[in-house]
Amino acid sequence: MASQDSHMLLSFFIYTLLVTIVTSQTRCQNFKSIISFGDSITDTGNSLGLSSPNDLPESAFPPYGETFFHYPSGRFSDGRLIIDFIAEFLGIPHVPPFYGSKNGNFEKGVNFAVGGATALECSVLGERGTHCSQSNISLGDQLKSFKESLPYLCGSSSECRDMIGNAFILIGEIGGNDYNYPLFDRKNIEEVKELVPLVITTISSAISELVDMGARTFLVPGNFPLGCSVAYLTLYQTSNKEEYNPLTGCLTWLNEFSVYHNERLQAELNRLRKLYPHVNIIYGDYYNTLLRLVQEPSKFGLMDRPLPACCGLGGPYNFTFSIKCGSKGVEYCSDPSKYVNWDGIHMTEAAYKWISEGILKGPYAIPPFDWSCLSSEIKDKKSLETQYF
């Protein structure tokens, strides 16, 4: 009997050791590259690369990029984006855009995110009475571009599988534009809600496809609180104070919609985790990281009225739809580091930095990242300042 107990104990020990090894390999990686998909929140220059010289995006003009790069880098902000802070934290160079790059070096990462991109195909949105840009590069298009580029990125199928398996894969934020198009047309919120399961299924399918290709670690962010967006605060401005959150000044009904999307996305990610127990799928809570900045701006060195745009013109929020940041005659604030909103739709480098901090160091990643295996060189590198969350 004692021998049997010893055998069972040994078996249990071996099983526990194997589970620990598998978990360690899954949860803790020294990433060799970043592979990214998404929209303007993550676009490091793809919109610029895809545009003709006569029809450049606003990100091609000053004051875009003025804080960090000191020139317009094609990013829709005054400086770095969340993806840039993630790269710096991991000790990886800023991730280059794929589109329009000639002889680009993608050894340490590649970015397919394009400003204005939707999760759904334009044809799917069109069937529901929503029209998007003909030049739209959907999530499916980006994934197709990635697959077509593999022979140049990694060569053989086994090399590609290794490359994808050792990459930090960022899926989004994506889906925001699927909702922006109908909401900017003032469509009924219940009608917009019908898009949510379609958007989430599309994101889920992209994750499954990448898992089949060897992917092991994903960061999948949710949507920002749309009710705190300057564009929406301007478009849906009302004298009815009950529509605003008294603490933040954000539109309650739009934030409730963002929560609706995020809850359903998290439920789908939970399903995928059970389906792929060997894969680390992390939800990035962009919603609450940004909301924290708006609720307690002084805690993060931001001005007391954090909602108005730094770069813009007109109205209580310094924003007009027809006059974009980057246009002639549009001024911008002297110190963007005090602002959350950059141009009314996108955020400042300062806001993106704090959001990155909340995701990478906690508590806004679910499950939290395990950085115990990072090289001592990266651990010692203070790429992000003292944690305030």
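Residues are numbered from 1 along each chain as its sequence is written, and side-chain values use heavy atoms, with hydrogens and water left out. Because the model is predicted, local features need pLDDT of at least 70 and side-chain atom pairs count only at pLDDT 80 or more, whereas totals for chains, interfaces and linings use all residues.

Trainee: How are helix 12 and helix 13 oriented to each other?

Mentor: The axes of helix 12 (residues 286–295) and helix 13 (residues 349–360) come within 9 Å and cross at roughly 130 degrees. Angles under 35 degrees count as roughly parallel, over 145 as roughly antiparallel, 65 to 115 as roughly perpendicular and the rest as oblique. The two helices, helix 12 and helix 13, are therefore oblique.

Trainee: Which class does the aromatic pair of F69 and Y71 belong to?

Mentor: Rings of Phe, Tyr and Trp (its six-membered ring) pair if their centres lie within 6.5 Å, and planes under 30 degrees apart count as stacked, over 60 as edge-to-face and the rest as tilted. For F69 and Y71 the centres are 6.2 Å apart with 70 degrees between the planes, so the pair is edge-to-face.

Trainee: Is F106 buried or exposed?

Mentor: F106 pairs with F98, with ring centres 5.9 Å apart and planes at 40 degrees, so this pair is tilted. Buried means under 20% relative accessible area, exposed over 50% and partly exposed in between (1.4 Å probe, protein chains only). F98, at 22%, is partly exposed, whereas F106, at 16% relative accessibility, counts as buried.

Trainee: How many of the residues of helix 7 are buried?

Mentor: Helix 7 (residues 176–184) is mostly covered, and what covers its buried residues includes helix 4 (122–127), helix 9 (196–212) and helix 11 (252–275). The buried residues of helix 7 are G176, N177, D178, Y179, N180, P182 and L183. Of the nine residues of helix 7, the number buried is seven.

Key. Axes fitted to C-alpha atoms, helices over the stretch in contact; angles between N-to-C directions. Helix = DSSP H or I, 4+ residues; strand = E, 2+ residues; numbered from the N terminus. Contact = heavy atoms within 4.5 Å.
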